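Here is a short report on a protein model. Please look over the sequence and the coordinates before reading on.

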Amino acid sequence: MTMTLEFNRQTLPFETDFQIAGTRCFLSTNSHEVLQAAARLRKLEKQTSVPSFEMEVIVDSALDRAPERLAYFRGLKHIVFAIVPPRCFLAYDLLRRRVHAVLSITAAQDHSFWDTLLLPITIGLMGTTVGVAPIHSACLERNGRGFLVAGVSGAGKSTLTAALAQLGFGLVSDDWTYISERQCGLVAYGLSSPVKLLPDAVRFFPELRAFAPRTTLNGELAYEIDPVGSTMGFIAKNVSQPRRVFLLERTASRGCHFVPCRHEYVRDFFEKTGERLPDELREAKAFRARIVQAIAACPSWILRTGESPQITANALDDFLEEADHAAV
Amino acid sequence: MQQYESSHHNDPLDLLRRFVPTPLKAVYRISSLRVIVKTNDITLLPAFPLGADLDAVGESVLEWKLVRDADSPGLLGEPVFLTSGALTVVEMGTACMLALDHERRELLGFIGADVDAHTYQEFLVPFLCRMTNEAFIEDRYQDLLSDEDAND
């Protein structure tokens with residue numbers, strides 16, 4: 001049977017707004033559950049003038065009876081289609097900065113669905129159009145000073161992030177950092193997404209045996225550790241100001257080496273690892289290029305390591321201690 | 001004629017497959033509209049006659065960009081329409097995702113691997129034509145209303 005869902009003032013009688021990753025979301029819905037989820041988010045930040053987008057959410061109980069579906073993401077020009085497990089469908093209109101979502105009641109009520117799926121996916125897809133560039137890197141903080149850790153797939157970014165977080169560094173993000181530019185400089189948001197560790201990380205973190213690895217959205221099997229209230233001792237932070245950049249490289253030889261890095265190298269790295277954007281999103285492309293340029297302007301090092309995540313984390317801790325000392 | 005298999009599209013920086021090339025192009029007439037169809041799969045070109053004059057002037061033009069998605073299995077599900085202002089989205093499971101942008105006059109879509117030529121020509125093509133027609137007639141009606149308001 002064909003189903004038609006109209007998104008308009010009659011079908012979406014409830015309205016509210018909340019802030020997420022430095023942007024404001026104007027939300028309209030037919031559901032009290034969605035209003036409650038948004039009310040929880042309203043408390044997070046207080047900023048007055050920030051870019052905004054609209055989110056229109058219809059909650060339909062028919063979805064609760066539908067079969068579960070696998071994740072699916074496809075895009076053409078300014079439109080992105082998303083099926084988010086277990087049963088939700090979203091359409092993103094990146095030119096008009098608008099999200100249309102159809103959620104099951106179960107998903108609408110589930111705060112974990114909002115925090116670990118709906119909001120990170122939405123900011124990941126919409127971000128560059130509303131002044132928050134998703135950058136593929138971890139972000140951590142030591143003594144109130146933020147820094148980014150990036151690296152190619154398999155370099156050990158997530159295990160190093162986990163080791164740093166266990167060492168007492170503030171954990172903003174593990175995989176994707178959402179970066180905007182304010183008067184004070186770069187600001188990084190993390191959205192408290194889970195830290196994703198592949199099954200072989202258990203040799204460095206035996207405590208992972210207490211968890212069960214799960215199939216993640218991209219089909220990989222991984223441990224997903226919630227940084228908020230983590231049993232691994234992480235200290236989660238929502239926001240930081242990154243001032244340094246480390247590009248992680250694995251080597252076969254022992255030791256940890258910090259090699260000062262040219263701005264152009266850092267810029268090329270982030271440009272070559274960023275999602276391709278279509279010509280329809282020209283402003284978004286230009287915005288992301290500005291953010292990458294600003295990141296590349298930070299003092300940067302290639303961190304070459306042949307050591308375990310814990311030894312590398314200790315070496316980075318010592319390095320930052322010295323760098324902070326020198327800066328004073 | 002060659003076609004571009006989207007399963008060969010392994011660009012890690014294009015996870016959404018926005019940049020799957022659609023080199024095949026044909027022009028049709030649907031009612032009073034000239035429709036340019038761009039695709040990566042020859043079987044997604046409608047089978048009805050190419051009725052449009054390429055050089056016609058003053059005609060309304062609409063573009064269909066249809067990507068055969070070799071990595072999306074499954075049969076067509078029941079259509080779910082999402083309508084909001086200038087945008088109509090239709091989801092039939094991962095076998096077919098469509099978005100019609102009335103303002104930009106574009107119909108964008110992914111058609112899954114298991115949607116065969118018969119189903120596509122007999123069901124989806126008439127469906128796409130209906131969507132296109134309805135949207136265009138409605139938009140023209142709205143334009144007429146706006147003109148009348150302006151004249152009043």
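## Basis

This is a predicted model: local features need pLDDT of at least 70, side-chain atom pairs count only at pLDDT 80 or more, and totals for chains, interfaces and linings use all residues. Residues are numbered from 1 along each chain as its sequence is written, while chains are lettered from A and ligands numbered from 1 in the order in which they are written.

## Overall fold of chain A

Chain A holds 7 helices and 22 strands. These are DSSP runs numbered from the N terminus: helices are H or I with at least four residues, strands are E with at least two. The radius of gyration of chain A is 20 Å, close to the 20 Å from the globule rule for 328 residues, so chain A is as compact as a globular protein of that length. The radius is taken over C-alpha atoms, and the rule is 2.2 Å times the number of residues to the power 0.38. Along the principal axes, the C-alpha atoms fill a box of roughly 65 × 45 × 35 Å.

Of the 328 residues of chain A, 43% count as buried. Buried means 20 or more other C-beta atoms within 10 Å of the residue's own; exposed means 12 or fewer, and partly exposed lies in between, with C-beta atoms placed from the backbone. Among contacts in chain A between residues at least 6 apart in sequence, 69% join residues at least 24 apart. A contact needs C-beta atoms, placed from the backbone, within 7 Å.

## Domains

Chain A splits into domain 1 (14-130) and domain 2 (133-327). The bounds come from an automatic or database domain assignment. The C-alpha centres of the two domains of chain A lie 25 Å apart. Across the boundary, 17 residues of domain 1 are in contact with 20 residues of domain 2. The domain 1 side has 8 nonpolar, 7 polar and 2 charged residues. Here Ala, Val, Leu, Ile, Met, Phe, Trp, Tyr, Cys and Pro count as nonpolar, Asp, Glu, Lys and Arg as charged, and the others, Gly among them, as polar.

## Nonpolar core

The largest nonpolar core has 125 residues; Leu90(A), Tyr92(A), Leu140(A), Val149(A) and Ile295(A) touch the most other members. Helix H3 (residues 111-126) of chain A gives the most to this core, with 8 residues. Both domains of chain A supply at least three residues each. Such a core is a set of buried Ala, Val, Leu, Ile, Met, Phe, Trp, Tyr and Cys residues joined through C-beta atoms within 7 Å.

Residues up to four places away in sequence aside, Ile295(A) touches Ile135(A), Leu148(A), Leu186(A), Val245(A), Val266(A) and Phe270(A).

## An open sheet

In chain A, 4 strands form an open antiparallel sheet in the order S9-S13-S14-S19. Its edge strands are S9 (133-136) and S19 (239-240) of chain A, each pairing on one side only. Pairing requires at least two DSSP bridges. Strand S14 (residues 185-189) of chain A joins S19(A) through 2 bridges. Tyr189(A) stands opposite Val239(A).

## Contact between chains

The contact takes 26 residues from chain B and 27 residues from chain A. S4(B) gives the most to the chain B side, with 5 residues. Strand S1 (residues 3-6) of chain A pairs with S4(B) in the parallel sense over 4 bridges. Glu6(A) stands opposite Thr83(B).

## Ser104(A)

Ser104(A) sits in the loop between strand S8 (98-103) and helix H2 (105-109) of chain A. Ser104(A) counts as buried because it has 21 C-beta neighbours inside 10 Å.

How values were computed
Contact = placed C-beta atoms within 7 Å.
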